[in-house]
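User: I have a two-chain model open here. Could you walk me through it?

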Amino acid sequence: MKKLHLLKTIVDFSWISFRLGYSILIIFCLFILFSKDISDFNFTINGIYFKKIGIYEKILFVLMTLVYGFLLYTFYQFKKLLLNFTRRKIFIDDTILLMKKIGNYLIISSFIYTIPVFVYQIFSKNIILNFGLSNFIILIGLGLFFLVLSEIFKISKLQKEENELTV
Amino acid sequence: MSIIVNLDVMLAKRKMRSMELAEKIGISVVNLSLLKTGKAKAIRFSTLEAICKALECTPADILEYREI
């Protein structure tokens, strides 16, 4: 399973860099929250342009940071899933539960991220519509994919058990 | 389960041990034990044929249906 080992190596390396990036994001978030005057700075985060940093922008920024933390945790669950696969623990309850968790977390984080951003865009009268593949669609699609995969693995586990009990 | 496997009875009648039967029909002792204890979910026709040949009996001698 060379491809699996390659994927696991990429994921492990990405995990280290994402953790580092998230630490920097938290520091930046604290800087935004506790700075008295940062009105000279303009920010563009994920296509959202922040002209000024008021209380609503700060709340939105904290929310975005929390969502990224949640996504980081989801990525950690995916890392655990790959570890199970490398140990040949494929059709077990733990793997099925991990996939279900990943699916649910992705769907939840997509809503937690998109709804406040959309509400903010309405209030700031700066609506950005994306009719193509947006982050929302990708996260929902990926989440549903993992949920479907967990159901398929559940069926496979039952079939494996039946096969093992066939003499 | 409603299907009862009377393998123990047939083994006693033919004065054969489980290990001996398992070797004769080419399955592991563990799998034979699954069959004896009623934990098996299914049996292949090839396995049933081999058991009947080894014990010189019919499937009805080994398998019984009982309403539970």
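Notes on the model

Analyst: A:Leu129 sits in the loop that joins α3 (93-123) and α4 (135-164) of chain A; helices are DSSP runs of H or I with at least four residues, numbered from the N terminus. This is a predicted model, in which local features need pLDDT of at least 70 and side-chain atom pairs count only at pLDDT 80 or more, while totals for chains, interfaces and linings use all residues. Residues are numbered from 1 along each chain as its sequence is written, chains are lettered from A in the order in which they are written, and side-chain values use heavy atoms, without hydrogens and water.

User: Is A:Leu129 buried or exposed?

Analyst: A:Leu129 is exposed, with a relative accessible area of 59%; exposed means over 50%, buried under 20% and partly exposed in between (1.4 Å probe, protein chains only).

User: How much area do chain A and chain B bury between them?

Analyst: They bury about 710 Å², 63% of it on carbon and sulfur atoms; buried area is the accessible area (1.4 Å probe) that two parts lose on being put together, summed over both. In chain A, A:Leu165, A:Thr166 and A:Val167 lose the most area to chain B, together 85% of what that side buries.

User: How many residues does the contact take from each chain?

Analyst: Six come from chain A and 11 from chain B, where contact means heavy atoms within 4.5 Å.

User: Changing topic, what is phi of B:Lys15?

Analyst: Phi is near 50 degrees, a positive value in a residue other than glycine. B:Lys15 belongs to the loop between α1 (7-13) and α2 (18-25) of chain B.

Notes: Helix = DSSP H or I, 4+ residues; strand = E, 2+ residues; numbered from the N terminus.
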